[in-house]
Amino acid sequence: MRTSRDATTSKTTEHEDIEHPSNQYESTERESRPPVPFEGRRIKAAVIGTGAIASGSHLPALAALAAEGEVEIVAAVDIDAEAVKRFCADGGVPHGYTDLDRMLAEQRPDLVSICTPPTLHRDQTVAALRAGAWVWCEKPPVPTLADFDAVETEEGTESGPYASIVFQHRFGSGARHVRRLIADGAMGRPLVAHCQTTWYRNAAYYAVPWRGKWETEGGGPAMGHGIHQMDLLLDLLGPWSEVRAMAGRLVHDVQTEDVSTALVRFESGALATVVNSVLSPDEVSRIRIDCEHATVELTHLYGHSNENWRITPAPDAPVEDVAAWQDFGPDVPSSHLAQLRDLVASMRAGERPRSSGADGRTSLELITALYKSAFTDVTVRAGEIGPGDPYYTALHGGAPGWAPTTHEEASA
Ligand SMILES: NC(=O)c1ccc[n+]([C@@H]2O[C@H](COP(=O)([O-])OP(=O)(O)OC[C@H]3O[C@@H](n4cnc5c(N)ncnc54)[C@H](O)[C@@H]3O)[C@@H](O)[C@H]2O)c1
């Protein structure tokens, strides 16, 4: 259900707590919510972390829904007081904070966008859920499957609050159309797929101290760059069953890998190759799926619209079927806005949003298995990495030659 009650947004930006930053996420009781929590009013949204993705994607998406009467942006938080002041001034956000707990207590947002570095995602998501807010957390979701499972236990059991991961490439008209075609078996069974995130990052990119390290970046291109394409592949093809992988450190002076390749078998029987790199001068993000009666291709870099998709029918495919496959409908590009619309609709319906819970965990589980396979030279099966497995709590799994040495940890 959509509502359109107008809410006024103060033009004055206040900075409530600049003098009293703290990093404690101590609230323990989830606040109770009425059964239809957002009926007749705007959803109150707050942004945590006011850097590049917050300014470039979250703020515009929230502002678009604010203009439609759906949301009201009530506050922003950053440990950098100047950054949050600038963000609030640029975006007309009324309340700026450097303390997340204080913001949660004073503003009581319904929805929190988490746009901070990955190592902070777990604690900040938990703090927001415990304060009764739904969460939209940037990728990569959290550093490990153990962290993901810990977050999931903090979600509400009925009608939220839930924590959803930003996987904007799943959204928009192209992905929706192809997902439906594959799910309906319209083009026959999917048989073989290629999933490629072959990007280029130079030495200056890796000169930034937190990059290239497990502790601070979370992983190499499999985790930080290829996650979007792998997530979309899984969204289109459904559950995977086994993976065999290799990883290399071929160009950059990093702890993590700078390239990986993987062979993935899906429960459907389909096979896929996956390549993630940051050393490929001709950059592309690409998915190709050969079904029995057509090949589907998506070729883009950081986002797609209908024109980035191509469906090539087998020679004997019926003409009227081909016309339906190639009709993507009105163009809705993949974007933060497309996902946020979906999330807000789920909030209003009190339903678990897409890209949350088990549906938000799939790519992290595949990536964890990819690293385990690459570093231990074994085939890893879906579901086998759980408590007690070293890869459950660290993506490097403590593997010799890949895990940071004590000296590296001390200087990270
Ligand atoms: N979905 C996408 O396509 C996409 C694209 C780029 C980045 N990202 C993800 O977005 C996240 C942020 O990336 P970015 O490029 O915006 O980084 P950034 O460095 O530009 O911004 C991060 C901000 O978080 C702030 N911050 C740090 N610690 C904080 C704390 N404890 N509390 C509040 N704020 C804190 C920093 O001061 C900074 O302003 C990362 O997880 C990244 O992977 C996603």
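Visitor: What are α6 and α10 to each other in their orientation?

Guide: Two packed helices are described by the angle between their axes and by the distance between those axes. In this predicted model, local features need pLDDT of at least 70 and side-chain atom pairs count only at pLDDT 80 or more, while totals for chains, interfaces and linings use all residues. Residue numbers start from 1 along each chain as its sequence is written. Helix α6 (residues 173–183) packs against helix α10 (residues 227–237) at an angle of about 40 degrees, and their axes are 8 Å apart; the two helices are therefore oblique to each other. Angles run from 0 to 180 degrees between N-to-C directions, and the axes are lines fitted to C-alpha atoms, for helices over the stretch in contact. Under 35 degrees counts as roughly parallel, over 145 as roughly antiparallel, 65 to 115 as roughly perpendicular, and the rest as oblique. Helices (H or I, at least four residues) and strands (E, at least two) are DSSP runs numbered from the N terminus.

Visitor: Which residues of α6 and α10 make the contact?

Guide: On the α6 side they are Ala175, Val178, Arg179 and Ile182, and on the α10 side Leu232, Asp235 and Leu236, where contact means that C-beta atoms, placed from the backbone, lie within 7 Å. Sorted by class, this contact has 5 nonpolar, no polar and 2 charged residues. Nonpolar here covers Ala, Val, Leu, Ile, Met, Phe, Trp, Tyr, Cys and Pro, charged covers Asp, Glu, Lys and Arg, and the others, Gly among them, are polar.

Visitor: At what angle do α4 and α5 pack?

Guide: Helix α4 (residues 121–130) and helix α5 (residues 145–152) pack at about 5 degrees, with their axes 10 Å apart, which makes α4 roughly parallel to α5. In this contact Arg122, Thr125 and Val126 of α4 meet Asp147, Ala150 and Val151 of α5, a set with 3 nonpolar, 1 polar and 2 charged residues.

Visitor: Why is α4 described as largely enclosed by the rest of the structure?

Guide: The description applies because 8 of the 10 residues of α4 are buried. A residue is buried if 20 or more other C-beta atoms lie within 10 Å of its own, exposed if 12 or fewer, and partly exposed in between, with C-beta atoms placed from the backbone. The buried residues of α4 include His121, Arg122 and Gln124, and the elements that cover the buried residues include β2, α3 (100–107), β5, β6 (134–137), α5 and β7 (163–165). Just after α4, Gly132 takes a positive phi of about 90 degrees. Over the protein chain, 47% of the 412 residues count as buried.

Visitor: In which sense do β2 and β3 pair?

Guide: Strands of a sheet pair through backbone hydrogen bonds, either parallel or antiparallel. Strand β2 (residues 43–48) is largely enclosed by the rest of the structure, because 5 of its 6 residues are buried. β2 and strand β3 (residues 71–77) pair in the parallel sense over 6 bridges, where pairing needs at least two DSSP bridges between the strands, and Ile48 has Val77 of β3 as its bridge partner. β2 is also joined by 4 bridges to strand β5 (residues 111–114), to which it runs parallel, and here Val47 stands opposite Ser113.

Visitor: Which way do the residues of β6 point?

Guide: In a regular strand the side chains alternate between the two faces of the sheet. In β6, Trp134 and Trp136 point one way and Val135 and Cys137 the other, and all are buried. β5 and β6 run parallel, joined by 4 bridges, with Trp134 as the bridge partner of Leu111. β6 pairs with β7 in the parallel sense over 3 bridges, and Val135 stands opposite Ala163 in β7.

Visitor: What is the handedness of the unit made by β5, α4 and β6?

Guide: This β-α-β unit is right-handed: with the strands pointing away from the viewer, the path from the first strand over the helix to the second runs clockwise. The crossover from β6 through α5 to β7 is right-handed too, as is the unit of β2, helix α1 (residues 52–67) and β3.

Terms used. Contact = placed C-beta atoms within 7 Å.
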